[in-house]
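Some notes on this model follow, in numbered points. Please read them with the structure open.

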Amino acid sequence: MIQPRRQDQTDWYQRKEGWVADGGEEEKQTVPRPPCGSSQGEDSQGRREELTPLVWLLPRHSSVKAEEAAGTAPFHLDLWFYFTLQNWVLDFGRPIAMLVFPLEWFPLNKPSVGDYFHMAYNVITPFLLLKLIERSPRTLPRSLIYISIITFIMGASIHLVGDSVNHRLLFSGYQHHLSVRENPIIKNLKPETLIDSFELLYYYDEYLGHCMWYIPFFLILFMYFSGCFTPTKAESSMPGAALLLVVPSGLYYWYLVTEGQIFILFIFTFFTMLALILHQKRKHLFLDSNGLFLFYSFALTLLLVALWVAWLWNDPVLRKKYPGVIYVPEPWAFYTLHVSSRH
């Protein structure tokens, strides 16, 4: 006995044969068939040509980019300008804005204007880093880029909370040039376990947050730098606009290295970049304008850090707070010790 065909089997059969139902009426779809004598390769080529418009709409994940095949990328003046500007305004200007804006506008139990600057920084900076990676003339490992960006955002967000509380403590008499337990407003807290909580907050702010923030940040910059090489020596030069941006860029990285206490990470990155330059020079490859801009910015940063350390080398109070072999005082510690204490 023949079993009646189920509806789902009927639908599948109609689709297979090219029939579709439309308003109760069935129409026969014209299924193009290759002409007699055509090869499988020609059929595959036709399918590739038909898919071309769709491929244009999808993100490219090929191993070789068009820019990589075309040659050296031009200087990214727009990205480097926006990157430098937002670093100065949203990162360097963040604690300054907290002190300038009236306290009545941003009460101590609410986020400050600096916190909103930090929130904007946590969104804009990863976006600019991704745009920078997109313009790299060399294909970079996507998975590593994604993990670095995610870790960067997480570390910067941890720092946002810890730094917000620490800077709000300034209005209560907290002194950045002293350790947590030596601060007058903290050392007499009862019970003493509260001091441990403030030390935990300081750890999240100055250690864990900084590590998860700055390590992926410098890793992304180095990966981008590794693709900034050209076989043409004539292209190894910077335009005038790039030279103008080197000074504010290098000055910001000085602030980043000193205030973030990441001199070891910075000096490791700088000498790794230098080693890569020497290695590529043996292959007759030279830095392009973007690579030169990044390297000169870091070189200026190293010079400024050396001058900063030499200037404060004999400061007894800062020496006590930074007792290690690597002595790099924080600008805000210098501010609370030598500037705000005079007013």
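1. A term first. A nonpolar core here is a set of buried Ala, Val, Leu, Ile, Met, Phe, Trp, Tyr and Cys residues joined through side-chain atoms within 4.5 Å. Buried means under 20% relative accessible area. Note also that the model is predicted.

2. The largest nonpolar core holds 60 residues. Trp80, Phe217, Phe225, Tyr253 and Phe298 touch the most other members.

3. Take Tyr253 as a worked case. Leaving aside residues up to four places away in sequence, Tyr253 touches Phe83, Phe217, Leu221, Leu294, Ser297, Phe298 and Thr301. A second core is separate and has six residues, including Leu169, Ile186, Ile195 and Tyr202.

4. Now the overall figures. The protein chain has twelve helices and four strands. Of its 343 residues, 39% count as buried. For contacts between residues at least 6 apart in sequence, 76% join residues at least 24 apart. The accessible surface of the chain is about 20200 Å², and carbon and sulfur atoms account for 65% of that.

5. The largest pocket has a volume of about 740 Å³. Its lining counts 31 residues, and Tyr202, Tyr207, Gln261, Tyr322 and Glu330 are the closest to its centre. Tyr202 is also a member of the second core.

6. Which helix gives the most to the lining of the largest pocket? H7 does, with eight residues. H7, H9 and helix H11 (316-321) each supply at least two lining residues.

7. Is Ser164 buried or exposed? The relative accessible area of Ser164 is 13%. The cut-off for buried is under 20%, so Ser164 counts as buried.

8. Around Ser164, the contacts are Met98, Asp115 and His159, again not counting residues up to four places away in sequence. Lys110 is 54 residues from Ser164 along the chain, and their C-alpha atoms are separated by 10.0 Å.

Terms used:
Residues are numbered from 1 along each chain as its sequence is written. This is a predicted model: local features need pLDDT of at least 70, side-chain atom pairs count only at pLDDT 80 or more; totals for chains, interfaces and linings use all residues. Side-chain values use heavy atoms; hydrogens and water are left out. Buried means under 20% relative accessible area, exposed over 50%, partly exposed in between (1.4 Å probe, protein chains only). Contact means heavy atoms within 4.5 Å. Accessible areas come from the Shrake-Rupley method with a 1.4 Å probe; for residues, only the protein chains shown count as cover. On a 1 Å grid over the protein atoms alone, a cavity is a set of points where a 1.4 Å probe fits but cannot get out, and a pocket is an open set with protein on both sides within 12 Å along at least five of seven lines; lining residues have an atom within 4 Å of a point. Grid points are joined across faces, edges and corners, and a volume is the space filled by probe spheres set on the points.
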